[in-house]
Amino acid sequence: MGQPEMQPEGPPQDGRGEQAARPRPGDLTGRPLPLGDWGEPAARLDELYRWVERGALCTAAWYLADRVWKRRCARSLRCGAAVGAVTGVALPLLDLTGVVGGIAPWGCLALLLGVACVAVDRYFGLTSGWMRDVATAQAVQRRLQALQFDWAAESVREVLGPTEGTAGEAAERCLGVLRRFSEDVTELVRVETADWMGEFRGGGTPVGVQAVVFPGGGRSAEAGGLNGRFPVPPHGGPRPNMPRQRPPEPR
């Protein structure tokens, strides 16, 4: 396994899997695993790494592109709400002071337009969707950077040696790194999608956005279970009872 081809730098060794790794435009869909020859494990692992890396980059790019129109619409609606509020307060004051007469009713209309802008933003979830897209894209990029350093560390370990274990164990360790990263990115997308669906059921910032922005805390029990770690009961609290084994019957 001591081959320098596992380094993530440089162009791909061949064009195999290029079409398979390319997602459909405008959608986040599953991608077929590129086929390859395991007769050359280093080249095959390098191809799988590039497939995983390309998928993460496409996911982050999708969220960054999705935030553009949401950001523009959210800013326009917020500007409309601010202008409506200022106009709704200024016009009655001008009417009361006698500077301009008969414009007080227009202030109510301006306030109504401002409230309508806020309601449209809340109903369609433009501002919250913008925040979710940015948070998810940054989380994917942060995990991709960690994967790149982990993959470089595995490559240096195999090149400089001494190699730990057999070649099969080294390949299995590299595949485990790629699998954990893919599952982590998939969980990020699942959390963002669940928040998008649950946003219409209640107000406030979705919990998943806080978990993406602050991955160290606030993670759900389901996310913890997927990582293979379950919450430990507090000190002094009741411990789970293990099933008792029935004693053997006397003969």
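Start by selecting Pro105, which is exposed, with a relative accessible area of 59%. The model on screen is a predicted one. Pro105 belongs to helix 2, the run of residues 104–124. Leu91 and Pro105 are separated by 14 residues in sequence, and their C-alpha atoms are 8.3 Å apart in space.

Next, turn to the aromatic rings. How many aromatic pairs does a search of the whole structure find? The search finds three, and two of them are visited here.

For one of these pairs, select Tyr49 and Trp151. Their ring centres are 5.0 Å apart and their planes meet at 15°; planes under 30 degrees apart count as stacked, so this pair is stacked. Zoom out to see which elements the two residues come from. Tyr49 sits in helix 1 (residues 41–97), while Trp151 sits in helix 3 (residues 126–160).

Keep both residues selected and show the surface. Are Tyr49 and Trp151 buried or exposed? Tyr49 has 0% relative accessibility and therefore counts as buried. Trp151 is buried as well, its relative accessible area being 0%.

Move on to Tyr123 and Phe124. The centres of these two rings lie 5.1 Å apart, and the planes are at 90°, so the pair is edge-to-face. Check the surface again at this stop. Tyr123 is exposed, at 57% relative accessible area. Phe124 is exposed too, with a value of 52%; the cut-off for exposed is over 50%.

Note on methods. Residues numbered from 1 in each chain as written. Predicted model: local features only at pLDDT ≥ 70, side-chain atom pairs only at ≥ 80, totals over all residues. Heavy atoms only, no water. Helix = DSSP H or I, 4+ residues; strand = E, 2+ residues; numbered from the N terminus. Buried < 20%, exposed > 50% of the residue type's maximum accessible area, 1.4 Å probe, protein only. Phe/Tyr/Trp six-rings, centres within 6.5 Å; stacked < 30°, edge-to-face > 60°.
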